[in-house]
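Student: Hi! Can we go through this model together, one topic at a time?

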Amino acid sequence: MSNSHLFMKSGFPRAPLQNGLGRYVCQLQRITLKFCKNNGSSRGMRDFIENHLVDFAKENPGIVVYVKPRRHRTPVLVGEYLNGDREWLNCRNNTQEEISKWIDLLKTQNGSSSSLRLRKMWHTDVPSIQGPWTPFLLRSPETQGQVYPNTEASKPLETPQSATEKLIELFRQQQLEAGEEAHDLLSKKRAE
C-alpha cells in the first residue's frame with residue numbers, strides 16, 4: 001500500500017450550510033479555460049469554445065467564464081469556488097463532449113472534495129459531552145438484571161385514559177353514589 005494519500009489535503013465531510021433550503025446557490029464562482037491556438041491537444045477545447053461556450057455562459061449567469069489562450073501549453077480547466085478552493089483539470093486530447101462533462105462536474109461540486117482525505121466519516125461542530133448514543137443510554141439501572149421477555153417491561157409507561165375508559169369510570173361512580181343513597185334511605189327507614 002502506498003503512502004501517497006498522506007500528501008493529500010485532509011478534512012471532514014462538508015457541505016455549504018443550508019444550500020438549497022431557500023434557493024440553490026451554485027458554488028462554482030468562476031471557470032478559466034486555458035488552451036493553445038495551434039497545438040493539436042487543444043482541439044477539443046477550441047471546439048468547445050467555438051460551439052458551446054456562449055450557450056454555457058447564457059445558461060449559467062452566476063459563473064464568470066475566462067478564456068485564456070497560451071502558446072504551446074496543455075489545455076486546462078480551472079474552477080474556483082465560493083469557499084476559496086481551486087480545482088485544476090488537465091484536458092489534454094479531450095473531445096468537446098468530454099470537456100462539457102468535466103465542466104458540468106465542476107459546476108455541481110462544492111470544491112475539491114474529490115481530492116480530500118477524510119479524517120472521519122462524520123463531523124460535528126458541537127460535540128456531545130455525553131458520548132455516543134447506545135440503546136441502554138436512558139434506561140434505569142433496574143432493567144440491567146431483568147430477564148426478557150418481561151410483560152411488565154413491555155407495557156407502555158404512561159398511557160392516557162381513553163374516552164371509553166372515562167365513561168366506564170363515570171358510570172361506576174354513578175352506580176356507587178346511587179348505591180350509597182339507596183343504602184342511606186334504607187338505614188333511615190329502619191331507624192324510624
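Student: What does Lys107 count as, by relative accessibility?
Tutor: Lys107 counts as partly exposed, because its relative accessibility is 21%. The classes are buried under 20% relative accessible area, exposed over 50% and partly exposed in between, with a 1.4 Å probe and protein chains only. Do keep in mind that this is a predicted model, where local features need pLDDT of at least 70, side-chain atom pairs count only at pLDDT 80 or more, and totals for chains, interfaces and linings use all residues. Residues are numbered from 1 along each chain as its sequence is written, and side-chain values use heavy atoms, leaving out hydrogens and water.

Student: Which residue forms a salt bridge with Lys107?
Tutor: That's Asp104, with the closest N and O atoms 4.0 Å apart. The criterion is a side-chain nitrogen of Lys or Arg within 4 Å of a carboxyl oxygen of Asp or Glu. Asp104 counts as partly exposed too, at 39% relative accessibility.

Student: And which helix holds Asp104 and Lys107?
Tutor: Both sit in helix α3, residues 96-108. They are three residues apart, about one turn of the helix. Helices here are DSSP runs of H or I with at least four residues, strands are E runs with at least two, and both are numbered from the N terminus.

Student: How many salt bridges does a search of the whole structure find?
Tutor: Three. Arg30, Glu80 and Arg86 are linked in a network of them.

Student: What about β4 itself, how many of its residues are buried?
Tutor: Six of six, so strand β4 (residues 76-81) is mostly covered.

Student: Which way do the β4 residues point?
Tutor: Val76, Val78 and Glu80 point one way, while Leu77, Gly79 and Tyr81 point the other way. In a regular strand, side chains alternate between the two faces of the sheet.

Student: Which strands does β4 pair with, and in what sense?
Tutor: There's β2 (residues 28-35), antiparallel to β4 over six bridges, and β5 (residues 86-90), also antiparallel, with five bridges. Strands pair if DSSP finds at least two bridges between them.

Student: Who stands opposite Val76 on each side?
Tutor: Lys34 stands opposite Val76, and Asn90 in β5 is opposite Val76 as well.

Student: How many residues come between β4 and β5?
Tutor: Four, in a hairpin. In that turn, Gly84 has a positive phi of about 95°.

Student: Switching topic: what are the domains, and what distance separates their centres?
Tutor: Domain 1 covers 8-118 and domain 2 covers 162-192, with bounds from an automatic or database domain assignment. Taken over C-alpha atoms, their centres are 85 Å apart.
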